[in-house]
Amino acid sequence: MKWKKYTIDTTTAAEDYMSSMLMELGIEGIEIEDNIPLTKADQSEMFIDFLPELPPDEGKSRVSFYIEDDGSDTTDLLIAVKKGLEELRNTVEVGSGEITSSETEDLDWINNWKKYFSSFTIGNILIKPTWEEIQAEDEDKLLIEIDPGISFGTGKHETTQLCIRQLQKYIGDRHPNVLDVGCGSGILSIVALKLGASAVVGTDLDPDCMTSTRENMQVNGLNPELGEFYVGNLIDDVELQNKVGEEEYEIVVANILADVIIPMAPVIPARLKKGGIFITSGIIDFKENEVKEAIESAGLTVLEINHQGEWVNITAQKG
């Protein structure tokens, strides 16, 4: 299989903003190249013994994205990308924004990325890939094993970590029913169950996520009857809304994207019980106010806003 590769000449300051913009357009295969020196933390996570010698970091970056070369017309998508670039100029220095194209052969992406996913902790939770052994110093931690496969979600991204910390805080000693919107690999559903949730329901647009989630539940020794998972869009799929139910959940968690959370906000209160908690992330910082306003317009009260890097978590409550 061949892929079309489009590369944007930009700046290191715009990398995260540009990645977020591309993801909001439905583009998932994104690659970033820059000369920012690796930190010691990066070095340890990537098992690199010697830091590579890089040219001086001049603030330049190349952000590439891949589209399957199936003969379809990509004109509209490229127009949307160029429009997104111009809009970003109001927020961050984008650089030239010039887009070049090339072709590339298919790679074994599903397995090649594994060398970049290693064990890490969030509080007392150890998240590790299924192919690694537990270290002695981690044996007392709450273990979550994940094999993302072809679905999104190792837990290492800032947005997932923000959601996990909020699940730790708001599940507490309770045993809530949890709705996981955009469940991906199922990591947040699994974390919720491991923390004491009585049951989870998950939704995602990608049917492959259902497979990944169920497999990861099995790996973690969780009873499959504790989770129900559905394919569909909670925003406008009435049948899915009926399956999920109304006022069934003490907690709804959604680690998606700002441009999905905003139209989804109006349907969240109906899912929550009185006093229920809405935990959301996937929000790039310049979208924070827009998402906050949408959540408040839906009738929820914002309890707290947390930041990690350039990503934001907003936690709200139904009165």
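User: In strand 12, which residue is the bridge partner of Ile-251?
Analyst: This model is predicted. Strand 11 (residues 249–255) and strand 12 (residues 272–284) run parallel and are joined by 6 bridges. One partner of Ala-254 in strand 12 is Thr-280. For Ile-251, the bridge partner in strand 12 is Ile-277.

User: Which hand does the β-α-β unit of strand 11, helix 9 and strand 12 have?
Analyst: The two strands of this unit run parallel. Helix 9 covers residues 258–264, and together with strand 11 and strand 12 it makes a β-α-β unit that is right-handed.

User: Which residue in strand 14 stands opposite Ile-284?
Analyst: Strand 12 is also joined to strand 14, by 6 bridges, and these two strands run antiparallel. In strand 14, the residue opposite Ile-284 is Trp-311.

User: How many of the 13 residues of strand 12 are buried?
Analyst: A residue is buried if its relative accessible area is under 20%. Strand 12 is largely enclosed by the rest of the structure, because the number of its 13 residues that are buried is 10.

User: Which strands stand at the edges of the sheet of 7 strands?
Analyst: The sheet is open, its pairing is mixed, and its order is 10-9-8-11-12-14-13. An edge strand has a single partner strand, so one of its sides is left without a neighbour in the sheet; this applies to strand 10 (227–231) and strand 13 (300–308).

User: What angle does the direction of helix 10 make with that of strand 13?
Analyst: In the parallel pair of strand 11 and strand 12, there are 6 bridges. Helix 5 (residues 158–171) packs on the sheet and touches strand 11, strand 12, strand 13 and strand 14 (311–318), its direction making about 130° with that of strand 13. Helix 10 (residues 288–297) also packs on the sheet, touching strand 12, strand 13 and strand 14. The angle between the directions of helix 10 and strand 13 is about 160°.

User: Which strands stand at the edges of the sheet of 3 strands?
Analyst: This open sheet has the order 5-6-7 and mixed pairing. Two of its strands have a single partner strand each, so one side of each lacks a neighbour in the sheet: strand 5 (120–122) and strand 7 (142–146).

Methods
Residues numbered from 1 in each chain as written. Predicted model: local features only at pLDDT ≥ 70, side-chain atom pairs only at ≥ 80, totals over all residues. Heavy atoms only, no water. Pairing = 2+ DSSP bridges. Helix = DSSP H or I, 4+ residues; strand = E, 2+ residues; numbered from the N terminus. Contact = heavy atoms within 4.5 Å. Axes fitted to C-alpha atoms, helices over the stretch in contact; angles between N-to-C directions. Buried < 20%, exposed > 50% of the residue type's maximum accessible area, 1.4 Å probe, protein only. Right-handed = clockwise from strand over helix to strand, strands pointing away.
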